[in-house]
Amino acid sequence: MKFQGSQNYVATQDLKLAVNAAITLQRPLLVKGEPGTGKTMLAEEVAQELGLPLLQWHIKSTTKAQQGLYEYDAVSRLRDSQLGDAESSERVKNIRNYILQGVLWQAFTADAPVALLIDEIDKADIEFPNDLLRELDRMEFYCYETREMIRAKHRPLVFITSNNEKELPDAFLRRCFFHYIKFPDADTMRQIVHVHFPQLKSELLTVAMKTFYDIRNLPGLKKKPSTSELIDWLKLLVAEEIPLEALQSADNKVSVPPLVGALLKNEQDVSLFEKLVFMNQRNR
């Protein structure tokens, strides 16, 4: 298997090398980067290009590692044992009826190779990555309820994403191939926009990108707008048929762009940008 990129995802050369290195080493690919830079979409596109089914495990602050392996539904078994009818009594005899398979179990027992996405691993508590060390390293785990070892029939292609909200343990990092998705430069961003809006006029794109990067480079922003927010903004500009003149002032000074709420997502950043525009206008 080798990832060469796809029509729907602009992958830089170093990103393609990282994906193929993880495939060669048979190690999870740990992808970090700003929110909205396409980390989750990478797993989806690689899986599609390589013809692999994709299993996704979206991590929350309350997610435990055990949930990715399996969960034993003891409450349902107790309830069935109390019903007393023949069907429930027969069901209770087999504990496997109360084992809920997690995504790792499903990936390990799949009859053909699959891709597995563990999305936003840094949302969970600090022990979460350590709890998965053995399973991701040896591709096996033990189910105590059924007293069996679950081993991977085929090693899945594992993608792990992180927004860098908290540090990951060194022991976990050693078992991964790491890649940081840098924020796209202007040329790469144009390619990304072209994938989503192939008919977009070049004049509109040029002015919109200048506004976008001006806002991103504004010092003191709490949250810089990301690639996905630029795509959303362009979609609104096209849908609302915003004229080119509304995006730029006659003397090329800074102004508040229309639909700026697609780019700036909190009141502090909006206020900061408005102050900049006000000061800019006073200095004319």
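Guide: Buried means under 20% relative accessible area, exposed over 50%, and partly exposed in between, with a 1.4 Å probe and protein chains only. By that scale Asn164, at a relative accessible area of 42%, is partly exposed. This is a predicted model, in which local features need pLDDT of at least 70 and side-chain atom pairs count only at pLDDT 80 or more, while totals for chains, interfaces and linings use all residues. Residues are numbered from 1 along each chain as its sequence is written, and side-chain values use heavy atoms, with hydrogens and water left out.

Visitor: Where is Asn164 found?

Guide: Asn164 sits in the loop between E8 and helix H9 (170-173); helices (H or I, at least four residues) and strands (E, at least two) are DSSP runs, numbered from the N terminus.

Visitor: How should I read phi, and what is phi of Asn164?

Guide: Most residues other than glycine have a negative phi. Asn164 has a positive value, near 65 degrees. Met139 also has a positive phi, near 60 degrees, and is not a glycine. Met139 lies in the loop between H8 and E6.

Visitor: Is Met139 buried or exposed?

Guide: Met139 is buried, because its relative accessibility is 5%.

Visitor: Now salt bridges. How many salt bridges does a search of the whole structure find?

Guide: Side chains of opposite charge can pair when their charged atoms come close. The rule here is a side-chain nitrogen of Lys or Arg within 4 Å of a carboxyl oxygen of Asp or Glu. The search finds 13 salt bridges. In one of them, Glu148 meets Arg96, with N to O at 2.7 Å. That pair links distant parts of the chain, 52 residues apart: Glu148 belongs to strand E7 (residues 148-151), and Arg96 to the loop between helix H5 (86-93) and strand E4 (99-101). Glu148 is partly exposed at 22% relative accessibility, and Arg96 is partly exposed at 46%.

Visitor: Which residue forms a salt bridge with Lys153?

Guide: Asp111 does, the closest N and O atoms being 3.0 Å apart. These two are 42 residues apart, with Asp111 in the loop between helix H6 (103-109) and strand E5 (115-119), and Lys153 in the loop between E7 and strand E8 (157-162). Asp111 is exposed at 65%, and Lys153 counts as exposed at 52%.

Visitor: What about Lys265 and Glu229: how far apart are the closest N and O atoms?

Guide: They are 3.5 Å apart in this salt bridge. Lys265 lies in the loop between helix H12 (227-239) and helix H13 (267-282), Glu229 is in helix H12, and the two are 36 residues apart. Lys265 is partly exposed at 44%, whereas Glu229 is buried at 6%. Elsewhere, salt bridges link Arg134, Glu140 and Arg151 in a network.

Visitor: Which residues touch the most other members in the largest nonpolar core?

Guide: A nonpolar core is a set of buried Ala, Val, Leu, Ile, Met, Phe, Trp, Tyr and Cys residues joined through side-chain atoms within 4.5 Å. The largest has 31 residues, and those touching the most other members are Trp57, Leu104, Ile118, Phe128, Ile160 and Phe172. At least two residues come from each of helix H3 (65-69), H6, E5, helix H8 (133-138), strand E6 (140-143) and E8. H6 gives the most, with five residues.

Visitor: And empty space? How many cavities of 30 Å³ or more are found?

Guide: Rolling a probe the size of a water molecule over the atoms shows where empty space is left. A cavity here is a set of points, on a 1 Å grid over the protein atoms alone, where a 1.4 Å probe fits but cannot get out; lining residues have an atom within 4 Å of a point. Points are joined across faces, edges and corners, and the volume is the space filled by probe spheres set on them. The search finds one cavity of 30 Å³ or more, and the largest cavity holds about 30 Å³. Pro28, Leu132, Leu133, Leu136, Phe172, Arg175 and Cys176 form the lining of the largest cavity.

Visitor: How do the residues of that lining divide?

Guide: Six are nonpolar, none polar and one charged. Nonpolar covers Ala, Val, Leu, Ile, Met, Phe, Trp, Tyr, Cys and Pro; charged covers Asp, Glu, Lys and Arg; the others, Gly among them, are polar. Cys176 is buried, with a relative accessible area of 12%.

Visitor: How many disulfides are counted?

Guide: With a disulfide taken as a pair of cysteine sulfur atoms within 2.5 Å, the count is zero. Cys143 is buried too, at 0%.

Technical notes:
1 Å grid on protein atoms, 1.4 Å probe; cavity = no way out; pocket = protein on both sides within 12 Å on 5 of 7 lines; lining within 4 Å.
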